[in-house]
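Biologist: I'd like to go through this one and ask what your words rest on. Can you put it up for us?

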Amino acid sequence: MAKSRFEYVKNYELPDPLMPNAHIVVRVDGRGFHKFSDAHNFEKPNDVRALDLMNRAAKAVMEEFGDVVLAFGESDEFSFLMRRQTNVYGRRRSKLNSAICSIFTSAYVFYWPKYFPNNELLYPPTFDSRVVLYPTDKEIRDYFSWRQADTHINNLYNTCFWALIHDGLTAREANKELQGTDSKQKNEMLFTRFKTNYNNLPAYFRKGSTLARVDPNPMPVTLEPDVSDDVAADSATSGVQTPVTTDADEDDASAQPRGAGGSAMPAKRLAKRKPYEGTTGEIVTMHEDIIRNPFWRARPWLLA
Ligand code: ATP
Ligand code: ATP
Ligand code: MG
Ligand code: MG
Ligand code: MG
Ligand code: MG
């Protein structure tokens, strides 16, 4: 096709590749979810339907991009870690950032009726997102520790806050009561005043949600129906994790384990495949500690 004389403006689109080999994290966060959660009558402090919906939207991102190996979510945010060597979109920052945010947002809206069958969506929820690069495993470990520590701090505060509200205090009074308290004092308040042992609250609320690939060698998947059932079943059981939640999508065709053992894939088809097509290893949802070593030691492929 002949080029128009206007075509030169394309040159103003400057390349924005992310540094090779660095760990890529994309964090999505709901815009104005304080208001959104009020408007849609979220249960406080933790609406499980809303958390399940967030997890489903995160899974959609992982299904779209096989190179997203790990995701961690709490409240209205989700962080996605990409395989270190990923070449999705040639590592172009704006493509990656916008596609992940769009897939997440779109899935959140698409699956809304499934998780909130009795709550009409009153206006379109929106999310923003950012890309952050981390040079070494240490920073990645610290990044996810930071988010999970944040989950704990917020949940402890919110649990106290809403206990006080349900006890008849105004928001102002509850905030004042909690001002300057450390976590020991908050635990104490929950225990003596509200007969609640914080550690017995669901791990879902205390630890957030971690979605991880089980397959140490994520291999491409063909969308053609010739992957043998044996191979798919193998990959579904090869992980070391036990999912803590039952996935709400088990009846979905899209939730079937589609990851296949790579050795079954003809080299010719492998070569033809674009890096971001299809899904790779099965995805499991957990509510575990990801600050300490065991989680990472059991899954060396996450940082490989
Ligand atoms: P911003 O646009 O700056 O991100 P925001 O209103 O979204 O503002 P956040 O700091 O992101 O503020 O906090 C999200 C808020 O959404 C929480 O404080 C909480 O009120 C609400 N929220 C999110 N998820 C849930 C949930 N599962 N159950 C109850 N409330 C929730
Ligand atoms: P990519 O993901 O690389 O953008 P793409 O399939 O979206 O790939 P585009 O170059 O963006 O390719 O082209 C969008 C295509 O969508 C068009 O070529 C056309 O086939 C289809 N399309 C978009 N809008 C319409 C429309 N209003 N009516 C009919 N077809 C449309
Ligand atoms: Mg925000
Ligand atoms: Mg927000
Ligand atoms: Mg937030
Ligand atoms: Mg297009």
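**What the labels rest on**

Biologist: What makes you call α2 mostly covered?

Modeller: Twelve of the 17 residues in α2 are buried. A residue gets that label if 20 or more other C-beta atoms, placed from the backbone, lie within 10 Å of its own; 12 or fewer makes it exposed, and anything in between is partly exposed. Among those that pass in α2 are Ala-50, Leu-51, Arg-56 and Lys-59. Keep in mind that this is a predicted model, where local features need pLDDT of at least 70 and side-chain atom pairs need 80 or more, while totals for chains, interfaces and linings use all residues. Residues count from 1 along each chain as its sequence is written, and chains are lettered from A and ligands numbered from 1 in written order.

Biologist: How do you know what span to expect for α2?

Modeller: Take 1.5 Å times one less than the number of residues. For the 17 residues of α2 that gives 24 Å, and the helix reaches 24 Å from first C-alpha to last. Helices are DSSP runs of H or I with at least four residues, strands are runs of E with at least two, and numbering starts at the N terminus. The protein chain has ten helices and six strands.

Biologist: Which residues come nearest to ligand 1?

Modeller: Phe-33, His-34, Ser-37, Asp-47 and Ala-50, out of 15 around it. To be near, a residue needs its C-beta atom, placed from the backbone, within 6 Å. The largest share of that shell, three residues, comes from α1.

Biologist: How does the shell divide by residue type?

Modeller: Four nonpolar, six polar and five charged. Nonpolar covers Ala, Val, Leu, Ile, Met, Phe, Trp, Tyr, Cys and Pro; charged covers Asp, Glu, Lys and Arg; the others, Gly among them, are polar.

Biologist: What makes β2 and β3 a pair?

Modeller: DSSP has to find at least two bridges between two strands. β2 and β3 have six, in the antiparallel sense, so they pass that test. β5 in turn is joined to β6 by four antiparallel bridges, with Ala-212 opposite Val-284.

Biologist: Why is β5 called largely enclosed?

Modeller: Because five of its five residues are buried. Both faces are covered, with Ser-209, Leu-211 and Arg-213 on one side and Thr-210 and Ala-212 on the other.

Biologist: Why is Gly-281 called buried?

Modeller: Because Gly-281 has 26 other C-beta atoms within 10 Å, it clears the cut-off of 20. Gly-281 sits in the loop between α9 and β6, and its C-alpha is 5.5 Å from that of Arg-213, 68 residues away along the chain.

Biologist: How confident is the predictor in each residue, on the whole?

Modeller: The score is pLDDT, from 0 to 100. The chain's mean is 85, and 78% of residues reach 70 or more. Over residues 226-263, though, the pLDDT is below 50, and this stretch has 64 contacts in the model beyond near neighbours in sequence. A contact here means C-beta atoms, placed from the backbone, within 7 Å. For the complex, the predictor gives an ipTM of 0.97 and a pTM of 0.83.

Methods: Contact = placed C-beta atoms within 7 Å.
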